[in-house]
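Colleague: I have not looked at this one before. Can you walk me through it?
Modeller: Here it is.

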Amino acid sequence: MSQVSIPRWAMSLADLCLLLLGFFVILYTGKADIHEVARATRGAFGSEETDDVLVVEAPADLFFEEGEARLTRDGRSRFAAIGRRAAILGRRVQIESVGKSADAVRFDGWELSAARAAAVARVVKEGGVPAEHIEISMPPERRSPPPPPGQQITVIAR
């Protein structure tokens, strides 16, 4: 019996197809609340919104230029949208930075992580949230389980 090697991407593609099929079956039956399905989908991709809290949590490298504290176009638009939404709802915004960036060029890892958190705060403020409603924290990495390597940015509007 010969064994056929299947590329890893083919398994990921098959998983995605099955998930999409299940998603559309749920929508087609009409028994699912479309807003609840949308919230769950956003939660699966690092963004979660409930009636009173909006949370975005992801590696900082997704939002920033490599080794820099400059937001990418996508990062800037995402955090500005959070700022606009939080301002409309009158929410306070907490920005949490955990870990340090390993790809720092001009700064050391801690300075780059702090500068990135401040860059997020500036863009949220540009979205309309008053400065006194924005809090930045950099808690220690003593968590269980430990955070993934690199910097994680979490933005919570409540």
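**Overview**

Modeller: Of the 158 residues in the protein, 32% are buried (under 20% relative accessible area, 1.4 Å probe, protein chains only). This is a predicted model, where local features need pLDDT of at least 70, side-chain atom pairs count only at pLDDT 80 or more, and totals for chains, interfaces and linings use all residues. Residues are numbered from 1 along each chain as its sequence is written, and side-chain values use heavy atoms, with hydrogens and water left out.

Colleague: How many helices and strands are there in the protein?
Modeller: The protein has 4 helices and 5 strands, taken as DSSP runs (H or I, at least four residues, for helices; E, at least two, for strands) and numbered from the N terminus. Their order from the N terminus is α-α-β-β-α-β-α-β-β.

Colleague: At what angle do helix 3 and helix 4 pack?
Modeller: About 50°, with the axes of helix 3 (residues 73–89) and helix 4 (residues 109–126) 7 Å apart. The axes are lines fitted to C-alpha atoms over the stretch in contact, and angles run from 0 to 180 degrees between N-to-C directions.

Colleague: Which residues make the contact?
Modeller: Helix 3 brings Arg-76, Phe-79, Ala-80 and Gly-83, and helix 4 brings Val-120, Val-123, Val-124 and Glu-126. Contact here is heavy atoms within 4.5 Å.

Note on methods: Buried < 20%, exposed > 50% of the residue type's maximum accessible area, 1.4 Å probe, protein only.
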